[in-house]
Amino acid sequence: MILPFLIIIPLLAAFLITLISGEKDNWAIVLSVLAEMSLLTLALFSFFTTGYDTFVYEMSGWKIPLTICLVQDALSGFMLVIVNLIALTSLMFSISYIRQYSSPWKYYALFMLLITGMNGVIATGDIFNLFVFMEIALFAAYALVAFGAKAEEYEAAFKYAVMGSISSTLILLGIGILYASTSTLTMAHIAAELQTKDPQVTYWVAAVFLVGFGLKSAVMPFHAWLPDAHSSAPAPISSMLSGVLIKALGIYAIIRIFFNIFGAPPVFLMIFMVLGSISIIVASYLALGQWDLKRLLAYSSISQIGFILLGLGIGTKLAILGAVFHILNHAIFKSLLFYNAGSVEMALGTRDLRKMGNLRGALPVTTSTSMIASLSVAGLPPFNGFFSKLIIIIAAVQSQHIIYAIIAVIGSLLTLAYFMKVQRYGFHGETVINEIKKPVSLGMKSAMIILAVLCVVVSILIIPGIREITLDPVVSVIISKTGYIQAVIGR
Amino acid sequence: MIVYILCFTLFLVGIYGALTKRDLIKIILSLGIMGYAVNLMIILFAYKEGGSFAILVKDGINSNMVDPLPQALILTSIVIELGITAMLVALSIRLFQKYKTFDITKIRRLSG
């Protein structure tokens, strides 16, 4: 069983980094990159060996209702691959980027703690354990948002921490009510017990969880903290937060709880669709008015989360395939765009689109990768974003939700509009810029190139033969709803 | 029943404070109240009228004991809350150093 190692390795790395690091960050870099590479290998291995099976690891030798269990199925394997892939590129980007701040080794320790929390949330099969790992990830995230130690960063971190605490308290309340009505904390047992109870319980708890996890995933009425936190953090952390944190703590938890535990009641699918479409339209509209590059990208994250939620809400097999594929695609291109914003900020000292200009000569790699990422997020073929959005729109039309399909198309066009703005003013503007303050280092360049290549390569996952071994098992975990009970208990 | 209602009122007091107060420290205290209300509610879910400690007795099983699991959960949750509160207090000290005020309406350089 390899699941425990996905939690132990980053936790141990965080501990060792604080022990052995002095003023220099060399050992911290070596340790964290080694840990992250082994984590990515393990995650890939677990994803490709799992297939349609479910493996359960029971901690410390006790049997399931008495112990905390870790559950490995296609969905958790898929999320683990995304988290650790983005984390590895983020570390490559961090090496020279983070040296502009004081005591960089603390950054690596907190980063490893963030990975521990996210891997834990994804791997666990126990609902209170999910809460604990979520708090570990959030605690590291608050500290990392404030890592730049400027006034705005403290302000954003405080706002984020207050919103995060409110949502965590609501989630704890929901867990308490679930325990009171089912007398168990193992997710599969909760799901089995809830089927024998009054559906009223499910609706009350689901409402509390909807607000709690809605705040975590920043869907539209709960989004206020995201543009501040994600634009103030250091660039590699912005990419971690926007690329994977809101998906691991928000979307993944929503899928597990609403689909696998509550069995996806139709009224909540309806709510997902409405919230998703509000997020798509309003966040795209707000992004259109931004001149701060990172703020624009943060609003864009809200609107792309809307696409994922819309796909989940439609609930047919095709729509969920689109949502799952969009989770992967959004992680790749949004992280890439935040790296671009980070390297521009480092080279020019600004992220205001009006002060940027033609960067083709000064920052060739950044400019070309940002072009790929922009086309990808705007949904132009042959890049990955095109396929996932197309699948979601086709699924909406197929299931007679014409209005939602139109909303998705309009959202897609608005996305194209604000990324045209980014390219027009930010990277291909009129004033030619030749002088840069600091060169973009090799690690930063390679992180951007890897993700830009993935933007194109990931499109092949949609080819039927490859889809059957990668995306289809993930979709089957979600679509089988409470089949999760049978998979975990009835072995 | 009345204890649950009181507990929920305490929760609402906390959420009201967190959403409406303008002082950083009062916001942190309101978050604390919210957390305590939830902790208290989870303890109440496990409470049994006249129940005893959850300790093994000599002859067989102690049938009339309160559920010990929520108490373990609450210990964990209190520790987490301690960490978050410490983080919030540290952030508010830094905010005071930068902005020279605790008033949240004056701490707004981020907008839009």
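Predicted model: local features only at pLDDT ≥ 70, side-chain atom pairs only at ≥ 80, totals over all residues.

Reply: Residues are numbered from 1 along each chain as its sequence is written, chains are lettered from A and ligands numbered from 1 in written order, and side-chain values use heavy atoms, with hydrogens and water left out.

Start with helix H15 of chain A, residues 384-398. Helices here are DSSP runs (H or I, at least four residues), numbered from the N terminus. H15(A) has 15 residues and reaches 22 Å from its first C-alpha to its last. That is close to the 21 Å expected at 1.5 Å a residue (1.5 Å times one less than the number of residues).

Its buried residues (under 20% relative accessible area, 1.4 Å probe, protein chains only) include A:Asn384, A:Gly385, A:Ser388 and A:Lys389. A:Ile391, A:Ile392, A:Ile393, A:Ala395 and A:Ala396 are buried too. They pack against H12 (293-314), H13, H14 (364-378), H16 (402-427) and H17 (442-457) of chain A. Just after H15(A), A:Gln400 takes a positive phi of about 65 degrees.

Now the cores. A nonpolar core is a set of buried Ala, Val, Leu, Ile, Met, Phe, Trp, Tyr and Cys residues joined through side-chain atoms within 4.5 Å. The largest has 217 residues. A:Ile127, A:Tyr160, A:Phe209, A:Phe258 and A:Phe262 have the most contacts inside it. Helix H13 (residues 317-348) of chain A gives the most to this core, 19 residues. A second, separate core of 13 residues includes A:Ile393, along with A:Met273, A:Phe307 and A:Ile314.

Elsewhere, A:Asn119 sits in helix H4 (residues 104-123) of chain A. A:Asn119 counts as buried because its relative accessibility is 0%. Beyond four places in sequence, its contacts (heavy atoms within 4.5 Å) are A:Leu6, A:Ile7, A:Pro10, A:Leu39, A:Leu80, A:Val83 and A:Asn84.

Last, the surface. A nonpolar patch of about 950 Å² includes A:Phe5, A:Trp27 and A:Leu34. Helices H1 (3-20) and H2 (26-50) of chain A each supply at least two of its residues. H1(A) gives the most, with 6 residues. A:Ile20 belongs to the patch and lies in H1 of chain A. A:Ile20 counts as partly exposed because its relative accessibility is 45% (between 20% and 50%).

Terms used. Patch = residues over 30% accessible without salt bridge, like charges linked within 9 Å, V, L, I, M, F, W, Y side chains within 5 Å. Areas by Shrake-Rupley, 256 points an atom, 1.4 Å probe, with all protein chains shown as cover. Salt bridge = Lys/Arg side-chain N within 4 Å of Asp/Glu carboxyl O.
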